[in-house]
Amino acid sequence: ASGEEEGELAMKRLLLPPDLIAPAAWVDASGNLNYAVLRYMLLGLLQELTTSPGSTPDELAGRTVMLDKCEVVLLLRYLEEAGAIAAMSPTGLPEGIGDFDCELDSGTATYFVSPTCLSCA
């Protein structure tokens, strides 16, 4: 086998089968959560929101470089459920208030660090 064929075979081994989904950056090779990486990613998003309040998931994904928008949205949901951040609709109302039902994955919501989270920093 030539070097070119071996290289192609090696590249094919790196591809996931069509029925599998690539794991997130915070999942280790065994399929378990890598808590150190997850914490690093969450703290990074909090830091970005501290320095750039009112950021959208698109903007955060662009600044973090390591994460796709869908991963940023998922992490923002966890931070919001924990009370660390708050989402605002484009109308300036908190999520779920008024006529606009903010879709977290729409990229139109903006996020802010909660005052209670800032007071603990």
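This is a predicted model: local features need pLDDT of at least 70, side-chain atom pairs count only at pLDDT 80 or more; totals for chains, interfaces and linings use all residues.
I first looked up the exposure of Arg63, and at 35% relative accessibility the residue is partly exposed. I take buried as under 20% relative accessible area, exposed as over 50%, and partly exposed as in between, with a 1.4 Å probe and protein chains only. Residues are numbered from 1 along each chain as its sequence is written, and side-chain values use heavy atoms, without hydrogens and water.

**Salt bridges**

I noted a salt bridge between the side chains of Arg63 and Glu48, at 3.3 Å from N to O. Arg63 belongs to helix 3 (residues 57-64) and Glu48 to helix 2 (residues 35-51), and the pair links distant parts of the chain, 15 residues apart. My helices (H or I, at least four residues) and strands (E, at least two) are DSSP runs numbered from the N terminus. Glu48 is partly exposed, at a relative accessible area of 22%.

I then recorded the salt bridge of Lys69 with Asp58, at 3.7 Å from N to O. Lys69 is in helix 4 (residues 69-81) and Asp58 in helix 3, so this pair ties together parts 11 residues apart in sequence. I find Lys69 partly exposed at 27% relative accessibility, and Asp58 partly exposed at 42%.

**Largest pocket**

I ran the pocket search on a 1 Å grid over the protein atoms alone; a pocket is an open set of points where a 1.4 Å probe fits, with protein on both sides within 12 Å along at least five of seven lines, and lining residues have an atom within 4 Å of a point. The largest pocket has a volume of about 180 Å³, counted as the space filled by probe spheres set on points joined across faces, edges and corners.

Which residues line the largest pocket? I list Tyr40, Met41, Gly44, Leu45, Gln47, Glu48, Arg63, Thr64, Met66 and Leu67. Helix 2 gives the most to this lining, with six residues.

**Strands**

I checked the pairing of strand 1 with strand 2 (residues 110-113) and found it antiparallel, over four bridges; two strands pair if DSSP finds at least two bridges between them. Ala86 stands opposite Phe112 in strand 2. In strand 1 (residues 85-88), Ile85 and Ala87 form the covered face, Ala86 and Met88 the uncovered one.

Methods. A salt bridge is a side-chain nitrogen of Lys or Arg within 4 Å of a carboxyl oxygen of Asp or Glu.
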